[in-house]
Amino acid sequence: MLGLPKPTAGMRARSSLPSLSLALAFGLAAACLAGPAPAGTPPVARTQELAVFLQGQTAMTKPDGRSERRVWVERKRPITEGRTALPVLAHRTGPDGTRWLRVRLPGRPNGSIGWIRAARTTRADTPWHLVVDLSERRVRVYYDGRFIRAFSAVIGAAATPTPLGPSFVEENVLLRSGDVGAPYALALSARSPVLQQFAGGPGQIALHGVRNVGGRLGTAASHGCVRLATDSIEWLGERIGPGVPVTVRR
């Protein structure tokens with residue numbers, strides 16, 4: 001699944017900004033499911049601020065338009081053409097009054113951070129956070145800072161590991177039934193540490209299903225992606241949108 005498919009008429013993006021009624025419904029459901037996090041699990045933030053792009057722009061190395069340019073970020077994502085949503089880490093106002101946002105960036109190198117102009121974005125927030133625990137080979141789901149459930153997973157094999165560290169969901173791709181990894185792929189900002197490209201794609205890591213690819217849950221057998229049972233990825237795919245933070249740890 002590292003070679004995520006090109007857009008087709010059979011694919012569409014899931015919204016990162018659900019309606020108020022849906023958000024309340026998900027919140028109520030999460031509250032019913034919430035329980036104590038596993039012992040020794042570091043806490044996660046209750047919410048994550050997101051910068052949703054109104055137009056493409058260059059991310060800079062510093063909150064200064066004269067600083068070194070880091071990377072151009074498009075207004076839309078390449079697979080679904082949904083609007084880009086980046087996690088915000090800090091705010092800064094420059095001497096000229098320009099408001100800057102320090103954000104996580106998609107692509108290589110993993111964990112890249114840059115500064116973008118706030119005026120070219122609109123704000124959103126997400127209460128969701130996913131934690132991939134490689135030692136337990138499970139995906140933990142948090143809502144509003146509270147642990148709500150966990151899913152068994154297939155993680156990267158020793159030769160093609162799932163990359164450690166913070167990332168985020170770039171796109172929520174609703175796949176066709178015959179696609180590898182159907183029914184959903186949560187395409188992450190992280191890329192494979194060993195595969196520069198795979199099946200025509202950029203070696204992008206994703207959380208996706210086991211349809212048409214297989215894999216025994218609880219094993220380390222993938223090319224780096226995280227595979228989940230169909231009902232598990234369906235549950236996530238109906239809730240998790242672009243910008244949601246994902247932490248991969250041992």
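In strand S14 (residues 204–209), His208 is the bridge partner of Ala185. S14 and strand S13 run antiparallel and are joined by four bridges; strands are DSSP runs of E of at least two residues, numbered from the N terminus, and two of them pair if DSSP finds at least two bridges between them. Ala185 in S13 also stands opposite Val173. Strand S12 (residues 165–174) pairs with S13 in the antiparallel sense over five bridges. Eight of the eight residues of S13 (residues 184–191) are buried, so this strand is largely enclosed by the rest of the structure. Buried denotes under 20% relative accessible area, exposed over 50%, and partly exposed the range in between (1.4 Å probe, protein chains only).

The model is predicted: local features require pLDDT of at least 70 and side-chain atom pairs pLDDT 80 or more, whereas totals for chains, interfaces and linings use all residues. Residues are numbered from 1 along each chain as its sequence is written, and side-chain values use heavy atoms, without hydrogens and water.

Eleven salt bridges are present in the structure, each defined by a side-chain nitrogen of Lys or Arg within 4 Å of a carboxyl oxygen of Asp or Glu. In one of them, the closest N and O atoms of Glu49 and Arg123 are 3.6 Å apart. Glu49 belongs to strand S2 (residues 48–53) and Arg123 to strand S8 (residues 121–126), so the pair ties together parts 74 residues apart in sequence. Glu49 is buried at 15% relative accessibility, while Arg123 is exposed at 54%. Salt bridges link Glu49, Arg123 and Asp125 in a network.
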